Amino acid sequence: MEDQQFEEKGKGSVHIHDMYKSWFLDYASYVILERAVPAIADGLKPVQRRILHAMKEMDDGRFNKVANIIGQTMQYHPHGDASISDAIVNIGQRDLMIETQGNWGDVRTGDPAAAARYIEARLSKFAIEVAFNAKTTNWQLSYDGRKNEPVELPMKFPLLLAQGAEGIAVGLSTKILPHNFCEILEAAIKHLKGKKFELFPDFGTGGMIDISNYNDGARGGKVRVRAHIEEVDKKSVAIRDVPYGITTSQIVDSILKANDNGKIKIKNVVDNTAKDVELLVTLAPGVTTDQTIDALYAFTDCEISISPNACVIIDDKPHFVAASDLLKHSVEHTKALLLKELEIKLGELEDDWHYSSLEKIFIEKRIYRDIEEETTWEGVLSAIDSGLKPHVTKLRRSVTREDIIRLTEIRIKRISKFDAFKADEHIRGVETTISEVQHNIEHLTEYAIKYYENLLKKYGSGRERKTEIRPFETIQVATVAIANTKLYVNYKEGFIGTSLKKDEFAFDCSDLDNIIVFKKDGKMIITKVAEKTFVGKEIIHLAIFQKNDERTTYNLIYLDGKTAISYAKRFNVTGITRDKEYDLTKGNPGSKVHYFTANSNGEAEIITITLSSGSKARNKIFDFYFEEIDIKGRSSQGNIVTKYPIKSIRFKEKGRSTLSAQKIWYDVTVGRLNKDGNGVLLGRFEEEDRIISFFKDGSYEVTDFELSNRFETEQILLLEKLNIERNFSAIYFDAKSGLYYAKRFKIETMTLKNKYFFIKEGEGNYLALITSEAEPIVIVQSGKKKSEQQEEELDLQEKIDITGWKTVGTKLVWTDVKNVSLKNRNDSTTAEPEAPTLF
């Protein structure tokens with residue numbers, strides 16, 4: 001089909017597809033430059049810039065109705081009141097550039113602001129100081145040509161980093177995360193001093209952030225953001241804040257959805273948010289708080305990932321930059337604006353000095369009398385010019401006609417009351433200020449540093465970091481998923497699935513699990529849980545597969561179909577390709593499994609093998625010990641058991657584990673146990689071993705070494721493998737008496753995940769020190785003043801008897817104790833003082 005055409009008067013024909021091509025480019029450019037993407041110079045989108053400019057025009061120190069601000073802004077912004085209203089609420093909720101009054105909504109709950117006629121706003125003092133200066137502003141005509149509006153505000157602060165920005169344009173988008181006000185200013189000062197700096201996001205909603213892959217805010221980076229979740233008791237947990245960009249209602253909806261889908265098990269969730277966020281989640285019976293917290297992070301909006309994408313307008317073109325680039329550009333831009341302000345001020349001061357000096361000469365030398373006889377205007381100007389000529393050497397620049405005209409405008413009253421002393425004092429003051437301004441121009445970097453330090457001092461209070469920076473552990477979704485479905489199996493026909501309810505029930509599992517299947521022909525396969533899957537006939541074993549599980553050991557005896565020799569092997573399955581069949585025999589036709597067991601902790605049983613009665617073997621019945629076989633890979637051939645036909649194999653005796661005890665590490669940065677070598681090695685753990693944690697509130701808790709356990713690292717003073725024969729030494733503070741107590745005790749109560757208080761309970765009481773050292777020596781620092789402070793040593797083993805864990809302990813005599821610490825055994829410089837009187 002031929003392109004449609006039309007003709008314009010006086011022009012040739014134009015193809016419609018050419019028009020669409022140019023229109024689309026115009027539209028795309030307009031959306032990018034005028035709507036969605038902020039400018040790097042002031043960090044504002046056009047609508048935000050126009051709002052602030054309109055508010056400055058209206059500013060008289062009092063609050064204005066937002067409806068009036070919207071009306072004023074519409075003189076500059078041609079897109080209606082709705083976009084202006086949304087933008088001003090967004091700025092107001094950032095609590096930086098605008099002071100608000102009334103109901104401005106809540107970003108935590110998603111509650112909207114009240115109507116524009118009911119809420120009020122005015123520019124903050126900070127905004128007036130950093131964003132406005134008519135003398136350094138470049139102006140342009142508004143869309144209708146009636147008004148002047150700023151091309152960009154003379155912003156002397158990295159606003160884009162402080163507020164963040166988000167926008168979707170044609171073919172690109174921008175997402176800049178907000179950063180901490182104080183940290184931005186500190187980074188700016190470091191940059192000016194030539195030091196390295198780092199910037200990380202900070203959200204007004206609080207929460208936690210993992211900045212491991214932040215990538216300086218550039219494209220390709222990612223941050224993980226979490227809400228704080230606390231254990232209230234063994235039956236409930238509380239969500240204390242929300243991730244950035246997520247509301248409490250969204251979290252509640254995501255929790256209910258995860259519960260409906262069987263990902264988590266809860267009784268209910270209640271939103272108690274008022275001044276502070278509180279979502280109370282009540283657990284279902286049989287579910288632990290640790291498991292629930294992990295599941296909330298894995299399956300709900302309690303944890304989200306955000307991918308920053310810093311796109312800004314530089315020289316009327318979009319550019320992708322990093323957060324540090326934004327700060328550096330802003331600092332250099334601020335220096336240029338400060339220089340421009342100083343140069344303008346210097347010019348004004350020099351004009352002031354010049355005119356003040358001219359006025360002084362004009363009055364003191366009575367030059368005004370020279371014009372009494374003049375009858376013409378030119379004669380008057382000439383007479384003054386002639387009178388000034390003998391004194392021009394005292395001036396810093398030549399006298400212009402405008403200077404002389406200005407002298408003629410001096411009133412008689414001012415001449416009559418002229419005070420030479422005050423005039424000289426004013427000129428000296430101007431000269432001093434000129435010297436200061438010139439010094440600041442010559443030392444612009446130091447001046448800029450003082451400028452940022454002043455901003456930090458004036459406005460930094462109350463703007464401390466709200467989002468906690470910490471690394472997150474990786475939660476394996478399949479590990480924390482609850483068993484939300486039942487798996488059935490047809491052993492003979494080789495089908496497994498959740499829909500085979502007429503067949504044999506196998507076990508409960510999650511729809512995220514993988515199932516490992518072993519068959520009679522010596523084949524193995526791993527497949528994902530589904531409604532119905534064919535895995536192969538004659539299934540002999542199936543279980544939930546745990547990836548990288550080096551403890552579960554499979555004991556196998558199989559017959560090689562080619563040689564008729566029986567082999568025994570032990571192996572682990574740590575990771576394979578899903579839905580791929582693996583042969584555990586030598587792969588010859590006719591091979592089959594004689595005996596198979598799965599052992600969760602590497603147990604090696606004893607079996608009795610009976611050979612065929614027709615075989616030539618002398619000993620037709622004998623015991624076989626799996627512990628004599630090394631654990632190898634699944635593809636190993638195995639060891640020969642017998643060359644004769646086997647009639648039967650019978651289990652005789654459960655064997656011991658042939659695996660060494662598991663090494664367990666504690667990673668204090670994430671508060672989790674692991675087997676990967678991260679953090680502090682706690683030791684080797686057998687199945688019955690336990691971990692003990694001592695908390696600042698004077699309690700202890702005994703737990704197993706399940707990797708799903710969570711530990712409150714901020715509250716823990718000591719965490720180690722429990723040895724019930726070991727003595728523990730503690731020093732705690734009793735707020736009521738204002739004194740410290742010491743005690744030594746053994747652990748007697750060990751119910752799992754129960755907290756036991758072993759110090760006096762009371763408000764303000766806390767545990768100062770806890771150790772399991774056999775011969776602990778404590779250094780006590782005491783004294784009201786620094787000059788009077790002294791250190792003394794206390795040998796707890798020698799001075800404190802071992803008592804029950806519930807005893808109060810022994811009162812220490814020191815008052816005004818400043819610090820209690822454990823003496824380093826390798827510290828040979830610590831002197832041994834005379835034994836003090838302690839009790």
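1. Just after helix α7, the residue G194 takes a positive phi of about 80°. Helices here are DSSP runs of H or I with at least four residues, and strands are DSSP runs of E with at least two, both numbered from the N terminus. The model is a predicted one, in which local features need pLDDT of at least 70 and side-chain atom pairs count only at pLDDT 80 or more, while totals for chains, interfaces and linings use all residues. Residues are numbered from 1 along each chain as its sequence is written, and side-chain values use heavy atoms, with hydrogens and water left out.

2. Helix α7 itself covers residues 181-192, and its 12 residues reach 17 Å from the first C-alpha to the last, close to the 16 Å expected at 1.5 Å a residue (the expected span is 1.5 Å times one less than the number of residues). At the start of α7, a side-chain oxygen of N180 reaches to within 3.1 Å of the backbone nitrogen of C182.

3. Which residues of α7 are buried? They are F181, C182, I184, L185, A187, A188, I189 and L192, where buried means under 20% relative accessible area, exposed over 50%, and partly exposed in between, with a 1.4 Å probe and protein chains only. What covers these buried residues includes α5 (125-131), α6 (159-163), α10 and α15 (444-459).

4. Helix α10 (residues 323-364) holds S356, which counts as buried because its relative accessibility is 10%. The side chain of S356 reaches the backbone oxygen of D352 at 2.8 Å, and a polar contact of 3.4 Å joins the side chains of S356 and H426 (a polar contact is a pair of N or O atoms within 3.5 Å; within protein, one must be able to donate a hydrogen and the other to accept it, and residues adjacent in sequence count only if both atoms are side-chain atoms). Leaving aside residues up to four places away in sequence, S356 touches H426 and I427, contact meaning heavy atoms within 4.5 Å.

5. K45 lies in the loop between α1 (16-36) and α2 (46-58), and it counts as buried because its relative accessibility is 13%. The side chain of K45 reaches the backbone oxygen of E166 at 2.5 Å.

6. Four strands form an open, antiparallel sheet in the order β22-β20-β21-β25. Strands β22 (504-509) and β25 (533-534) stand at the edges with a single partner strand each, so one side of each is left without a neighbour in the sheet. Two bridges join β21 (residues 495-497) to β25, and F495 stands opposite F534 in β25; two strands pair if DSSP finds at least two bridges between them.
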